[in-house]
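Let's take a walk through a protein model together, starting at its surface and working towards the contacts that link its parts. Keep the 3D view open as you read.

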Amino acid sequence: MATFDETAKRRIRFLTRRGLLELDIVLGRFMEKEFDNLSDEELSVFVEILELPDPSFLALVNEKEETDNPEFKSLLDKIRRC
């Protein structure tokens, strides 16, 4: 598992800037409220989620699509609560 230093966390923050306004809003709230509390394991999962195309990511956040990945589900729940 990766260890995330401040440089890596800055890179992740940059990756949260998306092309869809809806994602920018949701991720902005999540970053403000939860990002600093994520474990390295959760950060690894978050990076995987951020690699998804915007429409797929938004569909998962809005529960229009489902994922079989239990790690995704847990983090998506945190994102939705913000």
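Which residues form a negative surface patch? In this predicted model, the patch is made up of E41, E48, E51 and E71. One of these residues, E51, sits in the loop between α3 (40-50) and α4 (54-61). The relative accessible area of E51 is 61%, so this residue counts as exposed, the cut-off for that class being over 50%.

Now step back to the overall fold. The protein chain has five helices and zero strands, so if you trace the elements from the N terminus you will read α-α-α-α-α. The C-alpha trace spans about 35 × 25 × 20 Å along its principal axes.

With the fold in mind, let's turn to charge pairing. Side chains of opposite charge can pair when their charged atoms come close.

Begin with D36 and R13, whose side chains meet in a salt bridge at 3.1 Å, N to O. This pair links distant parts of the chain, 23 residues apart: D36 is in the loop between α2 (21-33) and α3, while R13 belongs to helix α1 (residues 6-15). D36 counts as exposed because its relative accessibility is 58%, whereas R13, at 30%, counts as partly exposed.

Next come R18 and D54, which form a salt bridge with their closest N and O atoms 2.6 Å apart. R18 lies in the loop between α1 and α2 and D54 in helix α4, so this contact ties together parts that are 36 residues apart in sequence. Are these two residues buried or exposed? Both R18 and D54 are buried.

Finally, look at E42 and K78, another salt bridge, where the closest N and O atoms are 2.6 Å apart. Because E42 lies in helix α3 and K78 in helix α5 (residues 70-81), the pair ties together parts that are 36 residues apart in sequence. E42 is buried, with a relative accessible area of 19%, and K78 also counts as buried, at 19% relative accessibility. Both values fall on the buried side because the cut-off is under 20%.

Definitions and conventions:
Residues are numbered from 1 along each chain as its sequence is written. This is a predicted model: local features need pLDDT of at least 70, side-chain atom pairs count only at pLDDT 80 or more; totals for chains, interfaces and linings use all residues. Side-chain values use heavy atoms; hydrogens and water are left out. Patches are made of residues with over 30% relative accessible area and no salt bridge: like charges are joined within 9 Å, nonpolar side chains (Val, Leu, Ile, Met, Phe, Trp, Tyr) within 5 Å. Accessible areas come from the Shrake-Rupley method with a 1.4 Å probe; for residues, only the protein chains shown count as cover. A salt bridge is a side-chain nitrogen of Lys or Arg within 4 Å of a carboxyl oxygen of Asp or Glu. Lys and Arg count as positive and Asp and Glu as negative; His and the chain ends are not counted. The place of a charge is taken as NZ of Lys, CZ of Arg, CG of Asp or CD of Glu. Helices (H or I, at least four residues) and strands (E, at least two) are DSSP runs, numbered from the N terminus. Buried means under 20% relative accessible area, exposed over 50%, partly exposed in between (1.4 Å probe, protein chains only).
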